[in-house]
Amino acid sequence: MIRDERLTADELQRIDERIRDDWPTGSAVDFEEAIAYHESLPAHKQFADVLESADRPLLQPRAGVPCLDDQVSLLEHLHGEGAADLLPTTIDSYTRDNEYGKAQEGLENARESGDATLNGFPAVNHGVEGCRELVDRVDAPIEVRHGTPDARLLAAVTFAGGFQSFEGGPISYNIPYTKEGSLAQTIEHWQYVDRLAGAYTERGVTINREPFGPLTGTLVPPSIAIAIMLVEGKLAATQGVRSLTLGYGQVGNVVQDVAALRALRKLGNEYLRDEVCVTTVFHEWMGGFPPDEARANGVIGLGGTTAAIARPDKVITKSPQEFQGVPTKEANAAGLRTTRQLIDMVVEQDIVLDGVDEEQALIERETRCLMDAIEAHGDGDVAQGTIEAFESGALDVPFAPSDAAEGAVLPARDDDGRVRIFEWGELAMDDDIKEIHRARLADRAETEGRKQSFRMVADDVDAISDGKLIGRPTSDTGGGRDGGETRAD
């Protein structure tokens, strides 16, 4: 039975020796030699130090292409033309599924054709040498961003290759990403990743870890996202991680997003050990985008404004070409500049939003309910408690494909556009909190002249891509606000 206990040195070495046989580049991993390489990097490439010492929100896009020279060129463009403060290396889908042979085929095809035949950078295939060349040639800190339930070999290669920040976690890279993956197994796999990061940290090379906050990216209630960030943070801290960036994905209501980011920081510092440095990252809208770039820039602008008010330590930006899929480097840089413009205009303004304190208090209460349930399910052990809480439905994530989650929770927006819970399933929450959600969804139903139903949920999922925040019904006779019949009914 998996427990929240630190791996011993012998266990770490045993796993390390085994996973390095999964692909030939694993044989080049040498921990002691890697420490020396990290120590040779200049201060402005030390990811955790740059992030933790910043006095304004730092910007980081997503970006990854298969070939090394092209990845260097892409990151240089985003750093130069987009003025990105921190840079990503997004990993390809084959690597995420541990299919290194298929990733190798794609890399070879990309080298021959010049086309981007993979949707990211196959870091395991490039190996330690290739990763170091990327780190050496790009003049900014770089993070590994991926989506890999079993990221052990990827971590071993990229840590040795000079990367000092690594995204993901055992819940956030299982529940939203896989159908049949065992939660106990992914927690076990990520104990190795976090213990390896802790081993580097103990030798003076701080590896920043960043759990994936947006989860499914679709109307995730803030308290659910925050509780999972706290769990993944606690699991990482047990293994010796000392630099944690807890994430949150924008839901679109400015008051709720600001309240959630403030709650995330407060609860992160409360639930995690004093020796852990907690930073926060805000992901701009992860749902569907409008199909044209002008309206997409409006969505990005809302994210930038929210970030300027809430002041997270980092913002993951989006491009105006999100609707089309992978953006051009020019569009990616444009998204960075749009966000920076909004932040720089708004951040010095003293903006006070009514309702933030009340919403933050509600989010904190909800999160504590979930954390208490996890503790009770595991008799104090966060790993076992998380597994059992998901099994019982006491912890759940909406719209998740994973069999490890009940998937019974359904969110919908209230009349102000804040994400509330429409269907609770067995989610562990106090009755008076449930009543607050019901009452606020009832207010919306009354405004729109329709009954509460799954139609609200479906309308809200598509709303932003359709140019609205709330999925209001439409009518040829005046619409729901005037009491007319609606297509949704």
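## Two domains side by side

The chain falls into domain 1 (14-348) and domain 2 (359-466). Keep in mind as you look around that this is a predicted model. The centres of domain 1 and domain 2, taken over C-alpha atoms, are 26 Å apart.

How many residues of domain 1 are in contact with domain 2? There are 47, and they meet 42 residues of domain 2. The size of an interface is often given as the accessible area lost when the parts come together. Between domain 1 and domain 2, about 3700 Å² is buried, and carbon and sulfur atoms give 71% of that area.

## The listed binding site

An unreviewed UniProt entry lists Arg62, Arg96, Arg145, His146, Glu167, Tyr173 and Tyr177 under "binding site". Of these residues, Arg62, Arg96, Arg145, His146, Glu167, Tyr173 and Tyr177 are included in the lining of the largest pocket.

## A look at Arg62

You can find Arg62 in the loop between strand E1 (58-60) and helix H4 (68-80). Arg62 counts as partly exposed because its relative accessibility is 25%, and buried would mean under 20%.

Leaving aside neighbours within four places in sequence, Arg62 is in contact with several residues, including Arg145, Phe212, Lys318 and Asn332. His283 is also one of these contacts, and the side chains of Arg62 and His283 make a polar contact (2.9 Å).

## A look at Arg96

Now move to helix H5 (residues 93-96), where Arg96 is placed. Is Arg96 buried or exposed? Arg96 is buried, because its relative accessible area is 18%, under the 20% cut-off.

Not counting residues up to four places away in sequence, Arg96 touches Thr90, Ile91, Asn119, His146, Gly147, Thr148 and Pro149.

Terms used
Residues numbered from 1 in each chain as written. Predicted model: local features only at pLDDT ≥ 70, side-chain atom pairs only at ≥ 80, totals over all residues. Heavy atoms only, no water. UniProt positions renumbered as here; feature names shortened; annotations may be inferred. 1 Å grid on protein atoms, 1.4 Å probe; cavity = no way out; pocket = protein on both sides within 12 Å on 5 of 7 lines; lining within 4 Å. Helix = DSSP H or I, 4+ residues; strand = E, 2+ residues; numbered from the N terminus. Buried < 20%, exposed > 50% of the residue type's maximum accessible area, 1.4 Å probe, protein only. Contact = heavy atoms within 4.5 Å. Polar contact = N/O pair within 3.5 Å; in protein donor to acceptor, adjacent residues only side chain to side chain. Domains from an automatic or database assignment. Buried area = accessible area lost by both parts, 1.4 Å probe.
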